[in-house]
Amino acid sequence: LLKAVAEGLSQVIPQRSGGAAWLDPLRGGRSTVASLLSSSLSFFYWSRLEWVRAITAPGWLRFVFGKTLGTSIAKMVTTQVIYRPINVFLFLGMQSFFRGDSARQLVQVIRKKFKQGIIGGIAFFSVSNMIMFSVPVPYLHPIIGAIAGLIFNVWLAMVAYQKVPETPTAAAATDAAPALSLTFPEMPSAVTEFPATALTLTAVGLLE
């Protein structure tokens, strides 16, 4: 539900200047499934890894920050270095795949947006993961991560659906030999006022 809320907001926010927003149910379904698999499920298994749970602060970090804070920092840094690139790669790749992009378009999306997603993920989740790993109840970590992801996934979904300008070479190649694509037609079905949509989706997320 949190992933669906994030996708709804990512569609509405770019249209806020128009006073009304078109919601695309096909994109909503595709993006929610991609987010669920690439973020929620992957982080659930990451947080359950025994060696991740067993990470403790090395001696120098424990001396500077203490055992509890030092261990949280060590787990946060490990998560950002190892898990975050995997998370962003899976998110962008699955968004592109479910959107029906060709292989050439998928590679272009990863090349153009991967670095931006990594920087944004590290900047946002450094603080979020510090708070999460400070909670001494491991089974709560995926829940805290999902709540924090409600904010990050709105931004990352907007990044994933930004138009990537084609290079002249790619455009010429596409014109010469169109690649097979599974793209479905866009089917906007509901027009809602932006404030009402934002408040409704946010309320659903908070209730969840």
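## A buried pair to start with

R99 and D101 are both buried. These two residues form a salt bridge, in which the closest N and O atoms are 2.8 Å apart. Please keep in mind, as you look around, that this is a predicted model.

## The overall layout

Let's step back to the protein as a whole. It has 208 residues, of which 41% count as buried. Nine helices and two strands make up its elements. If you follow the chain from the N terminus, the order is α-β-α-α-α-α-α-α-α-β-α.

## Helix α5 and its bend

Along the way, α5 bends by about 45 degrees at Y83. A proline, P85, follows within four residues of that bend.

What comes after α5? The helix is followed by G100, a residue with a positive phi, near 90 degrees. Here we are back beside the opening pair, since the salt bridge described above joins R99 to D101.

## A second salt bridge

How many salt bridges does the structure hold? There are two. Besides the pair R99 and D101, there is one between E7 and R27, with the closest N and O atoms 2.6 Å apart. This pair links distant parts of the chain: E7 sits in helix α1 and R27 in helix α2, 20 residues apart.

Are E7 and R27 buried or exposed? E7 has a relative accessible area of 2%, so it is buried. R27 also counts as buried, because its relative accessibility is 14%, and the cut-off for buried is under 20%.

## The second largest pocket

Finally, have a look at the second largest pocket, which has a volume of about 320 Å³. Its lining is made up of 20 residues, and those closest to its centre are K3, S40, P142, G145 and A146.

Which element gives the most to the lining? That is α7, with seven residues. By type, the lining of this pocket divides into 10 nonpolar residues, seven polar and three charged.

Definitions and conventions:
Residues are numbered from 1 along each chain as its sequence is written. This is a predicted model: local features need pLDDT of at least 70, side-chain atom pairs count only at pLDDT 80 or more; totals for chains, interfaces and linings use all residues. Side-chain values use heavy atoms; hydrogens and water are left out. On a 1 Å grid over the protein atoms alone, a cavity is a set of points where a 1.4 Å probe fits but cannot get out, and a pocket is an open set with protein on both sides within 12 Å along at least five of seven lines; lining residues have an atom within 4 Å of a point. Grid points are joined across faces, edges and corners, and a volume is the space filled by probe spheres set on the points. Ala, Val, Leu, Ile, Met, Phe, Trp, Tyr, Cys and Pro count as nonpolar, Asp, Glu, Lys and Arg as charged, and the others, Gly among them, as polar. A salt bridge is a side-chain nitrogen of Lys or Arg within 4 Å of a carboxyl oxygen of Asp or Glu. Buried means under 20% relative accessible area, exposed over 50%, partly exposed in between (1.4 Å probe, protein chains only). The bend at a residue is the angle between axes fitted to the seven residues ending there and the seven starting there.
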